[in-house]
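Please look over the following chain before reading on.

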Amino acid sequence: MSLASVATAAGLTVDQFLTLMVIVATMIAFVWNRIRHDIVAFAALLACVLLGLTPADTAFKGFGNHAVVMVVFVLILSHGFQRSGAIDAVSHWLVAERGSAFRGVVLFTLFGAVLAAFITNIGALALLMPLGLQFAQRNGLPPALVLVPLSYGTIFGGMVTLIGSPANLLVSGFREDELQAGFAMFDFLAVGAAVGAVALLLVLALSRLLIPRRAVRNAQAFEISAYQTEARVGPSSSAAGATVRQIEAIVGESGARVIGLAHGNARTVPPHRQIVRVGDILVIEANPTTLPGVLARLDLTLEEEVAPEPADPAPGPGADTVLTELAVLPGARLAGRSAREIRLRSRFGINLLAVSRAGRRDPRRLRDMTITEGDVLLVQGGDEDIADFARDYGCAPLAARPLRLPKVRRMVLALAILVGAVAVSATGVLPTAVAYGCAALLAILTGVTPARSVPGAVDWTVVVLLGALIPVANAVEATGLAEVAAKGALSLGGAAPEGAFLIGVVIVASMVLTNVLNNAAAVAIMAPVAFSIARSLEIGPDPLLMAVAIGAQAGFLTPIGHQSNTLILSSSGLRFWDFWQLGLPLQAAVLAVAVPAILFVWPISQAG
């Protein structure tokens with residue numbers, strides 16, 4: 001049987017059938033989850049080109065799309081904002097030890113939602129997740145009860161602005177291609193806020209009841225205890241000549257403790273009266289967020305913070321290196337080995353500064369400690385070096401932190417640049433992409449985001465994913481496959497489908513796709529279908545595009561439905577199918593609120 005006869009039997013043209021096969025193959029690869037999503041999307045793009053579904057001269061046009069460019073600018077700005085210390089300062093104030101633990105979870109979740117609206121949801125979660133784990137540990141809470149609300153909070157926060165989610169940017173990009181005008185910064189606000197408010201209340205009320213008890217009991221795999229680190233006493237250090245008791249009195253104000261002295265490869269537990277001398281190595285337990293303050297107060301130098309061995313061409317830590325927390329995953333290649341054994345410094349240019357291990361201390365020197373599953377490592381190095389190491393040795397990056405004390409000037413400048421970009425974009429003085437491009441350049445020129453850290457600040461997997469999927473989506477529309485899908489959807493509603501039915505169908509279809517693919521792929525498939533439905537009924541496309549944006553971000557049944565859920569999967573103690581228990585009522589709530597909210601804010605009208 002020929003390809004043409006198979007396509008005819010399916011009621012499709014050959015091009016439509018081939019496009020459908022590319023999409024099905026892409027879906028299977030996404031669900032299989034053995035190949036990175038950006039590589040799968042790029043393969044789908046090349047398949048469309050080779051099959052003649054996408055013109056070769058426009059194959060990479062998606063990488064110049066405003067949505068893709070905006071993602072780059074937003075990530076550069078958010079990196080600078082994070083480096084300024086403003087996020088840490090606010091989040092620590094919010095979850096300080098006052099009031100109930102539940103109050104802390106609520107405040108932390110709301111802060112995540114607000115932050116996500118301006119630096120993207122996945123960026124906000126990556127920055128706040130380590131602090132969430134620390135908050136859970138300090139208050140005796142299972143990580144899932146903090147991370148799940150935080151994850152959903154960032155998802156709903158990302159719904160309210162154009163830059164809050166790649167899905168919103170992608171929807172706006174498709175609108176710009178069709179109508180020569182994208183959505184404005186706060187066009188998503190009314191609907192997103194209504195959906196987010198109700199859904200967040202539901203999450204906070206039901207998370208303790210609907211998160212599986214197994215996860216609540218056992219999710220301690222990446223609980224962050226105090227870090228164990230080593231600091232050398234230099235000639236200028238105020239610790240030189242002091243007793244261990246005097247030093248403990250100073251560092252104890254920051255919650256740190258001196259647990260030993262190291263000489264060579266040996267470590268001892270010193271008596272309180274022992275005098276510390278120049279060249280001694282203090283073994284300290286401290287929280288990573290208070291560590292810079294402890295070092296600065298005593299003028300200590302981290303023992304492992306040195307340049308790589310000269311024989312290694314890998315770059316050593318410099319002014320713009322970062323501290324990153326890495327969780328050692330179950331079955332990791334690193335488990336059972338030490339930093340010395342794998343030559344972490346000489347091969348990767350990375351310094352192991354501290355190790356967090358719940359339940360017990362290791363008497364050996366830091367470089368000789370055997371790493372175990374569930375350890376959290378505090379490492380220092382370049383972004384790309386750490387990313388390569390984490391991928392090869394089975395570690396999950398939790399967050400990157402600059403090894404410096406927050407500076408008020410930098411915090412104010414970072415906040416001013418971000419607020420300025422939002423204001424200029426919202427008032428229409430400049431197009432959103434241009435406004436954020438100017439802000440990103442200003443952040444680089446002022447040092448808020450150092451130029452050398454820009455490549456590491458941008459998540460290029462997201463850029464490739466979006467840039468590759470846009471031409472694939474164009475093929476869905478160009479071949480007429482979107483029109484076929486639109487007719488199928490309309491046939492379910494009879495001769496004259498009502499507005500509520502149309503919005504509901506588009507939201508549900510987007511939800512289904514995002515749960516098995518991801519939100520960017522769901523938008524790439526559903527946006528052309530929404531335009532086809534609008535053309536068939538001769539109505540404006542905006543209500544349907546809003547439905548696509550909401551549905552594509554409501555992937556709560558599986559951890560692959562949204563990148564935020566994927567990020568918390570290991571650390572929360574949840575399993576793949578645990579998400580549906582809370583996700584199902586949450587998706588029902590989103591559907592119930594979104595349909596009337598969209599119809600009220602974006603009423604269906606005849607196309608102009």
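## Briefing on the chain

Phe42, Phe60 and Phe63 come together in one aromatic cluster. The model shown here is a predicted one, and its chain contains 25 helices and nine strands. Of the 608 residues in the chain, 55% count as buried.

**The chain as a whole**

- Among contacts between residues at least 6 apart in sequence, 79% join residues that are at least 24 apart.
- The accessible surface of the chain comes to about 24,300 Å², and 63% of that surface belongs to carbon and sulfur atoms.

**Aromatic pairs**

- Seven aromatic pairs are found when the whole structure is searched.
- The ring centres of Tyr152 and Phe556 are 5.0 Å apart and the ring planes stand at 75°, which is over the 60 degrees required, so this pair is edge-to-face.
- Tyr152 lies in helix H8 (residues 144-157), while Phe556 lies in the loop between helix H23 (542-552) and helix H24 (563-572), so that the pair links distant parts of the chain, 404 residues apart.
- Tyr152 and Phe556 are both buried.
- The rings of Phe183 and Trp602 have centres 5.8 Å apart and planes at 80°, so this pair is edge-to-face as well.
- Because Phe183 is in the loop between helix H9 (166-179) and helix H10 (189-210) and Trp602 is in the segment after helix H25 (580-601), the pair ties together parts that are 419 residues apart in sequence.
- Phe183 is buried, with a relative accessible area of 4%, and Trp602, at 17% relative accessibility, also counts as buried.

**Arg175 and the salt bridges**

- The charged end of Arg175 sits over the ring of Phe183, at 5.0 Å from the centre of that ring.
- The structure holds six salt bridges, and one of them joins Arg175 to Asp542, with the closest N and O atoms 2.7 Å apart.
- Asp542 and Arg175 are both buried.
- Another salt bridge is formed by the side chains of Arg340 and Asp368, at 2.6 Å from N to O.
- Arg340 is in the loop between E6 and H14, and Asp368 is in the loop between strand E7 (351-356) and strand E8 (376-381), so this pair ties together parts that are 28 residues apart in sequence.
- Arg340 is partly exposed, with a relative accessible area of 44%.
- A further salt bridge joins Arg535 and Glu477, whose closest N and O atoms are 2.7 Å apart.
- Arg535 belongs to helix H22 (residues 519-537) and Glu477 to helix H19 (residues 460-478), and this pair links distant parts of the chain, 58 residues apart.
- At 45% relative accessibility Arg535 counts as partly exposed, and Glu477 is likewise partly exposed, with a relative accessible area of 22%.

- Ala7 is found in helix H1 (residues 3-9) and is buried, with a relative accessible area of 0%.
- Not counting residues up to four places away in sequence, Ala7 touches Leu12, Thr13, Val14 and Phe17.
- Asn121 has its place in helix H7 (residues 121-138) and counts as buried at 1% relative accessibility.
- Leaving aside neighbours within four places in sequence, the contacts of Asn121 include Thr154, Ile155, Gln553 and His562.

**A nonpolar surface patch**

- Leu20, Met21, Val24 and Ile28 make a nonpolar surface patch of about 310 Å².
- Leu20 is located in helix H2 (residues 14-32) and is partly exposed, with a relative accessible area of 30%.

**Positive phi values**

- Most residues other than glycine have a negative phi.
- Asp299, although it is not a glycine, has a positive phi of about 55°; Asp299 is found in the loop between helix H13 (291-298) and strand E5 (300-302) and is partly exposed, with a relative accessible area of 37%.
- Arg343 has a positive phi near 55° and is a residue other than glycine; Arg343 lies in the loop between strand E6 (322-328) and helix H14 (344-348) and is partly exposed, with a relative accessible area of 48%.

Notes
Residues are numbered from 1 along each chain as its sequence is written. This is a predicted model: local features need pLDDT of at least 70, side-chain atom pairs count only at pLDDT 80 or more; totals for chains, interfaces and linings use all residues. Side-chain values use heavy atoms; hydrogens and water are left out. Rings of Phe, Tyr and Trp (its six-membered ring) pair if their centres lie within 6.5 Å; planes under 30 degrees apart count as stacked, over 60 as edge-to-face and the rest as tilted. Helices (H or I, at least four residues) and strands (E, at least two) are DSSP runs, numbered from the N terminus. Buried means under 20% relative accessible area, exposed over 50%, partly exposed in between (1.4 Å probe, protein chains only). A charge sits over a ring if NZ of Lys or CZ of Arg is within 6 Å of the ring centre and within 35 degrees of the ring normal. Patches are made of residues with over 30% relative accessible area and no salt bridge: like charges are joined within 9 Å, nonpolar side chains (Val, Leu, Ile, Met, Phe, Trp, Tyr) within 5 Å. Accessible areas come from the Shrake-Rupley method with a 1.4 Å probe; for residues, only the protein chains shown count as cover. A salt bridge is a side-chain nitrogen of Lys or Arg within 4 Å of a carboxyl oxygen of Asp or Glu. Contact means heavy atoms within 4.5 Å.
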